[in-house]
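The sequence and the structure come first, and the notes follow by topic.

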Amino acid sequence: MSLKAGIIGMPNVGKSTLFNAITKKNILAANYPFATIDPNLGTVTVPDKRLEVLENMYLPERLIPTQYEFIDIAGLVKGASSGEGLGNKFLSHIREVDAVIHVVRCFEDKDIIHVEGNINPIRDIEIINLELAMSDLEIVQNRIDRIAKKAETSKDKEALREVEILNRCKEALSEGKPLREVEFTEEEREVLRVFNFITLKPMIYLANMSDSDLVSGNNVYLDKVREYASKENNTVIPMCAKIESELVELNDEDKKLFLEEIGIEESGLDKLISETYKILGLCTFFTVGTDEVRAWTFKNGMKAPECAGIIHSDFQRGFIRAEVMSYEDLASLGSELKVKEAGKMRLEGKEYLMQDGDICYFRFNV
């Protein structure tokens, strides 16, 4: 199960610089709007300390972590939803992602121009959020125009239900309110899923700060962004693209020392990945052996056969049972043999709800 996040924001807020840092890709980062036109794709591995323990235990030929795909989407400007700055094209790319990473400029630099003339992160956030809402509103209105009259005439229950849900969406979006702030039942969300609404996707604000402000923790812009995000129940992650650029050039040991020296416990990227996993309800299970130790991403609430299907569709189709032990038990007891001797190895059937950190061997027959 791949995870895809779109990096959005105004021009010149540090999106492409950040993308360069976290994916080690040399993407054009220029001091003018629309330096990025086509979306840039980059994949990073998801850090998981449990993999290090499993690698040392099994000494596998291959170690395969889960992956995280970033899409760097060109800077959005006022009027993007109506085509300003090629906005419609850029907005279409955001519909393809699972989560939206909204980069907000929280640093002063007279050498880097701002399209609005000065630094004001709340204004920037509101411009982007309004454009996203207007883009979704256009889709809602088009759909209502297409089916409302027919639904009323035919009295089709499903069509009438869809129109009722869309009218609620229209009301919220017309006020600039994102759909993620509207309460929908699971059934209603299923109706809306086909539209891929941007404002229904979870969002994280990424405050791009100077290195000195990140280390000190003092930044007046960050405080304002946090206050704004708290009203939306959204998360804010402070980050410095410059520091992230330096971190990606270091090995794990040097990276750890670097972070300790500047007084930061965790890199911005690591925080971003763990927070994205959290808001998307994602977890990790493992398959282990001397040939391969591998991490797999799954959604919280998935059953054993569904997780087996992530590895291969035949595993799900012919699922018999899963041999399961928890990472915590294996790490504390030291070996599979000791896990079995302690009675901690379990056989689970088709109704078993997978847990984060499960180590599985799936038995199947096709």
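The secondary structure of the protein comes to 15 helices and twelve strands, where helices (H or I, at least four residues) and strands (E, at least two) are DSSP runs numbered from the N terminus. This is a predicted model, in which local features need pLDDT of at least 70 and side-chain atom pairs count only at pLDDT 80 or more, while totals for chains, interfaces and linings use all residues. Residues are numbered from 1 along each chain as its sequence is written, and side-chain values use heavy atoms, with hydrogens and water left out.

**Overall**

- Of the 366 residues of the protein, 49% count as buried; buried means under 20% relative accessible area, exposed over 50%, and partly exposed in between (1.4 Å probe, protein chains only).
- Among contacts with a separation of 6 or more, 68% come from residues 24 or more positions apart; a contact means heavy atoms within 4.5 Å.

**Helix packing**

- Two packed helices are described by the angle between their axes and the distance between the axes.
- Axes are lines fitted to C-alpha atoms, for helices over the stretch in contact, and angles run from 0 to 180 degrees between N-to-C directions.
- Angles under 35 degrees count as roughly parallel, over 145 as roughly antiparallel, 65 to 115 as roughly perpendicular and the rest as oblique.
- The axes of helix 5 and helix 6 (residues 186-193) come within 10 Å and cross at roughly 85 degrees, and the two helices are therefore roughly perpendicular to each other.
- On the helix 5 side, this contact involves Arg-161, Glu-162, Ile-165, Leu-166, Arg-168 and Cys-169, which meet Glu-188, Val-191 and Leu-192 of helix 6.
- By class, the contact of helix 5 with helix 6 has five nonpolar, no polar and four charged residues; Ala, Val, Leu, Ile, Met, Phe, Trp, Tyr, Cys and Pro count as nonpolar, Asp, Glu, Lys and Arg as charged, and the others, Gly among them, as polar.
- Helix 4 and helix 8 have axes 9 Å apart and pack at an angle of about 40 degrees, which makes helix 4 oblique to helix 8.
- Pro-121, Ile-122, Ile-125, Glu-126 and Asn-129 of helix 4 meet Tyr-221, Lys-224, Val-225, Tyr-228 and Glu-232 of helix 8.
- The contact of helix 4 with helix 8 divides into six nonpolar, one polar and three charged residues.

**Loops beside these helices**

- Asn-219 sits in the loop between helix 7 (211-216) and helix 8 and is buried at 6% relative accessibility.
- A polar atom of the Asn-219 side chain lies 2.9 Å from the backbone nitrogen of Tyr-221, and one lies 2.7 Å from the backbone nitrogen of Leu-222.
- Beyond its neighbours within four places in sequence, Asn-219 is in contact with Cys-106, Met-209 and Asp-213.
- Asn-233, in the loop between helix 8 (220-232) and strand 7 (235-239), is exposed with a relative accessible area of 71% and has a positive phi near 60 degrees.
- Lys-155, in the loop between helix 4 (121-154) and helix 5 (157-174), also has a positive phi, of about 60 degrees, although it is not a glycine.
- Most residues other than glycine have a negative phi.

**Cysteines and helix 12**

- The structure holds zero disulfides, a disulfide being a pair of cysteine sulfur atoms within 2.5 Å.
- For Cys-283, the nearest cysteine sulfur is that of Cys-307, 8.8 Å away; Cys-283 is buried, with a relative accessible area of 13%.
- For Cys-307, the nearest cysteine sulfur is that of Cys-360, 7.2 Å away; Cys-307 is buried at 0% relative accessibility.
- The buried residues in helix 12 (residues 304-311) include Ala-304, Pro-305, Cys-307, Ala-308 and Ile-310.
- The buried residues of helix 12 pack against strand 8 (282-287), strand 9, helix 13 (313-317), strand 10 (319-326) and strand 12 (358-364).

- Glu-292 is found in strand 9 (residues 292-299) and is buried at 17% relative accessibility.
- The side chains of Glu-292 and Arg-62 make a polar contact (3.3 Å).
- Apart from its neighbours within four places in sequence, Glu-292 is in contact with Pro-60, Arg-62, Ile-64 and Thr-287.
- A polar contact is a pair of N or O atoms within 3.5 Å; within protein, one must be able to donate a hydrogen and the other to accept it, and residues adjacent in sequence count only if both atoms are side-chain atoms.
- Asp-48, in the loop between strand 2 (40-45) and helix 2 (49-58), is buried with a relative accessible area of 17%.
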